[in-house]
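Subject: Structure handover

Hello,

Here is the structure for your files. My notes on it follow below.

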Amino acid sequence: MAEMGSKGVTAGKIASNVQKKLTRAQEKVLQKLGKADETKDEQFEQCVQNFNKQLTEGTRLQKDLRTYLASVKAMHEASKKLNECLQEVYEPDWPGRDEANKIAENNDLLWMDYHQKLVDQALLTMDTYLGQFPDIKSRIAKRGRKLVDYDSARHHYESLQTAKKKDEVKIAKAEEELIKAQKVFEEMNVDLQEELPSLWNSRVGFYVNTFQSIAGLEENFHKEMSKLNQNLNDVLVSLEKHHGSNTFTVKAQPSDNAPAKGNKSPSPPPDGSPAATPEIRVNHEPEAASGATPGASIPKSPSQPAEALEVAGGTQPAPGAQEPGETAASEAASSSLPAVVVETFSATVNGTVEGSSGAGRLDLPPGFMFKVQAQHDYTATDTDELQLKAGDVVLVIPFQNPEEQDEGWLMGVKESDWNQHKELEKCRGVFPENFTERVQ
């Protein structure tokens with residue numbers, strides 16, 4: 001019997017909830033149609049707008065902070081690998097080996113300490129700050145439902161009072177329901193009216209504390225790292241003094257705009273780049289005897305640009321040579337260079353290198369701008385982000401709505417996904433630019 005009674009209470013409660021939902025739905029329809037007035041509170045609505053804005057800003061800050069922490073972790077790993085390389089190449093009989101190893105250990109500890117303090121003093125504080133929003137958001141929604149209940153009870157009571165045939169019993173019951181609904185609503189409304197402005201004002205102190213913590217931790221980290229770098233520099237200076245006769249001289253490299261000298265050619269763009277410069281290897285012959293024609297030992301194509309001629313021997317075209325722009329076939333016929341090389345140089349001089357833009361290529365997504373390669377792993381934290389592994393190649397495309405692009409983020413599709421599916425809607429996503437390096 002007790003069990004049946006319990007079930008009866010549960011069934012009654014369910015029926016009551018269903019009735020409330022129906023009454024609220026009916027009240028909202030009447031309000032939208034203008035057949036019933038709606039209680040408005042402009043001050044509270046402004047508080048709700050501020051609350052939503054504060055939640056959006058806090059969520060973005062949390063996302064960017066997690067990205068920052070991921071970058072710190074990636075830099076830690078890169079620094080650790082670099083120091084491990086130094087330890088491996090540092091031979092046992094070289095002076096300062098123990099000091100170099102100790103510096104590497106301290107470097108690793110410093111990165112770990114920096115990352116952990118960022119988690120403790122910034123990320124956890126951020127999580128605590130955002131942790132209060134779900135409960136308040138739920139209470140705001142509940143207040144909205146109670147307001148509809150109050151308006152419905154008020155309209156029901158008013159309709160009974162204005163009826164031609166009055167039923168005092170129903171009027172008394174309706175008045176009782178109205179007072180009850182009004183009390184529940186006002187209690188929730190008063191609490192939120194006090195809590196929402198207080199929460200809104202707290203954002204200033206939170207932002208100040210968060211960014212002060214990050215700035216202070218970063219400042220101390222760089223100070224300590226600077227000391228370690230100075231100590232490592234002293235160790236290497238000592239090593240250089242003991243092996244002074246074997247000092248390695250770093251030679252200046254030619255600028256991007258300067259022509260290559262001798263048989264040293266500039267590094268080509270990554271494989272597959274439509275603008276890749278063909279590699280030309282030339283073995284210099286001994287100087288020609290006096291009176292001999294300069295560069296006679298190296299046949300040259302008349303259509304080669306000045307830079308290529310300089311690589312080939314530093315001479316100018318003979319008088320009467322053909323002008324750039326003639327067909328690659330005729331050039332190849334009078335040149336010792338392969339026809340492919342001559343054709344590429346001819347196209348480059350005339351500015352007609354095909355495939356220099358991905359906009360019209362069928363094997364690239366629409367709007368393709370350039371390629372990047374992931375230098376570190378990146379774990380996606382949202383459904384619109386790309387999951388990256390070090391080495392992944394990404395085809396960068398423009399945002400459909402430029403206003404949606406956040407600073408430091410790019411839109412793209414992984415080359416492997418594009419080659420497999422050829423569908424942007426399924427494959428594209430955003431990713432942090434600082435995790436990648438442009439390759440084309």
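First, a convention for the helix pairs. Axes are lines fitted to C-alpha atoms, for helices over the stretch in contact, and angles run from 0 to 180 degrees between N-to-C directions. Helices (H or I, at least four residues) and strands (E, at least two) are DSSP runs, numbered from the N terminus.

Two caveats on the source. This is a predicted model, in which local features need pLDDT of at least 70 and side-chain atom pairs count only at pLDDT 80 or more, while totals for chains, interfaces and linings use all residues. Residues are numbered from 1 along each chain as its sequence is written, and side-chain values use heavy atoms, with hydrogens and water left out.

**Overall**

The protein chain has ten helices and five strands. Of its 440 residues, 31% count as buried. Buried means under 20% relative accessible area, exposed over 50%, and partly exposed in between (1.4 Å probe, protein chains only). Contact means heavy atoms within 4.5 Å. Among contacts between residues at least 6 apart in sequence, 68% join residues at least 24 apart.

**Helix pairs**

Two packed helices are described by the angle between their axes and the distance between the axes. Angles under 35 degrees count as roughly parallel, over 145 as roughly antiparallel, 65 to 115 as roughly perpendicular, and the rest as oblique. For handedness, a crossing is left-handed if the near helix is turned anticlockwise from the far one by less than a right angle, and right-handed if clockwise. For residue classes, Ala, Val, Leu, Ile, Met, Phe, Trp, Tyr, Cys and Pro count as nonpolar, Asp, Glu, Lys and Arg as charged, and the others, Gly among them, as polar.

Start with α4 and α5. Their axes come within 8 Å and cross at roughly 150°. That makes α4 roughly antiparallel to α5. The crossing of α4 past α5 is left-handed. Their contact has 18 nonpolar, four polar and eleven charged residues.

Next, α2 (residues 42-89) and α4 (residues 133-161). The axes of α2 and α4 come within 12 Å, with a crossing angle of roughly 150°. This pair, too, is roughly antiparallel. The crossing of α2 and α4 is left-handed. From α2, the contact uses Phe44, Val48, Phe51, Gln54 and Leu55. From α4, it uses Phe133, Ile136, Lys137, Ile140 and Arg143. By class, these residues are seven nonpolar, one polar and two charged.

Then α2 with α3 (residues 97-131). The axes come within 10 Å and cross at roughly 170°. α2 and α3 are therefore roughly antiparallel to each other. Their contact divides into 18 nonpolar, eleven polar and six charged residues.

**Two buried residues in helices**

Phe206 sits in α5 (residues 168-242). Its relative accessibility is 9%, so Phe206 counts as buried. Leaving aside neighbours within four places in sequence, Phe206 is in contact with Leu61, Thr125, Met126 and Tyr129. Phe206 and Tyr129 are 77 residues apart along the chain, and their C-alpha atoms are separated by 8.1 Å.

Ala100 is in α3. Ala100 is buried, at a relative accessible area of 4%. With neighbours within four places in sequence again left out, Ala100 is in contact with Tyr90 and Val235. The C-alpha atoms of Ala100 and Asp234 are separated by 9.9 Å, across 134 residues of chain.

**The sheet**

Strands of a sheet pair through backbone hydrogen bonds, either parallel or antiparallel. Here, two strands pair if DSSP finds at least two bridges between them.

Five strands form an open sheet in the order β4-β3-β2-β1-β5, with antiparallel pairing. β4 (429-432) and β5 (436-438) are the edge strands, each pairing on one side only. From one strand to the next, the twist averages 50°.

β1 (residues 370-374) is mostly covered, with four of its five residues buried. Four bridges join β1 to β2 in the antiparallel sense. There, Phe370 stands opposite Val396 in β2. β1 also runs antiparallel to β5, joined by three bridges. On that side, Val372 stands opposite Arg438 in β5.

β2 (residues 393-397) and β3 (residues 409-414) pair antiparallel over four bridges. Val396 has Gly412 as its bridge partner in β3.

Best regards
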